[in-house]
Amino acid sequence: MNLSLETIEDVLLVRMRGELDLETAAKFRVLVEEALDHRPGLKHLILDVSGLSFIDSSGLGAILGRYRQFAERGGRVFVVGVQPGVGRLLELSGLFRVVEVAATAEEALARVQGEVGSVDG
Amino acid sequence: MGEEEPVNRFSLTFPSLAPNVSFARSTVAAFASQLDQFTLEDIEDIRIAVSEVVSNVVIHAYPKGAGPVRVEASLYHDRVEVVVADNGCGIADVEKAKEPAFTTLPGERMGLGLTFVQAYMDRVEITSRPGEGTRVFMVKRPGSGVSKGQLPEG
Ligand SMILES: Nc1ncnc2c1ncn2[C@@H]1O[C@H](COP(=O)(O)OP(=O)(O)OP(=O)(O)O)[C@@H](O)[C@H]1O
Ligand SMILES: [Mg+2]
């Protein structure tokens with residue numbers, strides 16, 4: 001699992017590559033918590049999962065946990081670049097009902113920064 | 001089962017450590033791939049089910065540290081059978097544990113692991129005795145991995 005974090009103003013962008021399971025979900029949680037400690041002004045989260053090849057309930061739980069953290073701050077949480085294999089578990093878990101979905105990180109960023117709820121066509 | 005001999009089989013035991021979850025799912029997936037009829041979706045379903053069941057041993061079975069996890073797989077002409085067993089704390093109420101969103105560790109856990117296992121495998125039998133351990137028996141047949149879009153009802 002390879003995780004890269006980037007902050008753009010009050011947005012935390014996390015790019016994930018590899019497999020999000022029990023072991024790597026713990027790393028993901030710790031890295032996001034460290035980012036929040038260092039930059040308390042962070043408000044929104046964008047998760048780029050386009051490089052994610054596997055996810056299970058531990059990975060989904062970690063995403064839900066981060067969703068709750070950012071929602072508590074009044075922020076928005078996006079999942080972007082969802083591939084079919086990962087997508088069917090996001091669907092089954094009900095996570096798609098709480099997080100926002102965008103095609104790319106750029107689109108999600110534009111939506112957050114423009115504070116637009118959704119984009120048309 | 002009974003008289004029918006498997007074409008191939010393996011059994012291994014390892015400690016319930018988090019890095020062994022990916023080791024277990026990759027191993028069982030590679031083994032099951034020996035049956036040509038399995039589609040990529042079937043293999044993906046097996047990968048998820050093994051990941052869930054082995055994760056459960058790591059997370060729930062041994063609250064005071066790591067303990068042994070035994071994984072056995074038997075390949076037949078028309079299916080793979082997988083057993084994941086531990087000697088841990090056991091499950092007080094198996095029927096409850098199988099329900100969607102039931103978890104004894106709320107917080108980061110969604111209680112979906114065993115729900116996924118039931119959705120993705122063709123047959124799942126869980127036997128458990130509190131204080132003695134848990135055994136999960138699962139069967140996957142080729143062609144059943146149709147990326148089901150729904151959870152079982154209930
Ligand atoms: N091997 C085991 N030993 C002891 N208890 C278990 C074992 N497997 C499952 N359980 C119990 O069954 C419950 C349900 O398991 P399930 O995998 O569905 O959810 P979870 O592990 O709690 O959450 P998630 O899988 O979404 O991370 C667990 O909370 C736990 O109490
Ligand atoms: Mg579980």
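**Figure 1. The side chain of A:Gln69 makes a polar contact with the side chain of A:Arg66, at 2.7 Å.** This view, like those that follow, is drawn from a predicted model. A:Gln69 is found in helix α2 of chain A, which runs over residues 57-72. Is A:Gln69 buried or exposed? Its relative accessibility is 19%, and because buried means under 20%, A:Gln69 counts as buried. When its neighbours within four places in sequence are left aside, A:Gln69 is in contact with A:Val32, A:Glu33 and A:Leu36.

**Figure 2. Helix α4 of chain A, residues 105-113, has buried residues that lie on the same side of the helix.** The residues of α4(A) that are buried are A:Ala105, A:Ala108, A:Leu109, A:Arg111 and A:Val112. They cover an arc of only 165 degrees around the axis, and that is why they are placed on the same side of α4(A). An α-helix has 3.6 residues a turn, so residues three or four places apart point the same way. What covers the buried residues of α4(A)? The cover includes five strands of chain A, namely β1 (2-8), β2 (11-20), β3 (44-55), β4 (77-80) and β5 (100-102).

Figure 3. On the side of chain B, 27 residues are in contact with 22 residues of chain A.

**Figure 4. B:Arg25 of chain B forms a salt bridge with A:Asp21 of chain A.** The closest N and O atoms of B:Arg25 and A:Asp21 are 2.9 Å apart. How many salt bridges are found across the interface of chain B and chain A? The rule finds 4 of them, and the count of residue pairs in polar contact between chain B and chain A is 8. On the side of chain B that touches chain A, α1 (19-32), α2 (40-61) and α4 (113-120) of chain B each supply at least two residues. Helix α2(B) gives the most to this side of chain B, with 9 residues. Sorted by kind, the residues of the side of chain B that touches chain A divide into 11 nonpolar, 8 polar and 8 charged.

Note on methods
Residues are numbered from 1 along each chain as its sequence is written. Chains are lettered from A and ligands numbered from 1 in the order in which they are written. This is a predicted model: local features need pLDDT of at least 70, side-chain atom pairs count only at pLDDT 80 or more; totals for chains, interfaces and linings use all residues. Side-chain values use heavy atoms; hydrogens and water are left out. Contact means heavy atoms within 4.5 Å. A salt bridge is a side-chain nitrogen of Lys or Arg within 4 Å of a carboxyl oxygen of Asp or Glu. A polar contact is a pair of N or O atoms within 3.5 Å; within protein, one must be able to donate a hydrogen and the other to accept it, and residues adjacent in sequence count only if both atoms are side-chain atoms. Helices (H or I, at least four residues) and strands (E, at least two) are DSSP runs, numbered from the N terminus. Ala, Val, Leu, Ile, Met, Phe, Trp, Tyr, Cys and Pro count as nonpolar, Asp, Glu, Lys and Arg as charged, and the others, Gly among them, as polar. Buried means under 20% relative accessible area, exposed over 50%, partly exposed in between (1.4 Å probe, protein chains only). The arc is that of the directions from the helix axis to the C-beta atoms.
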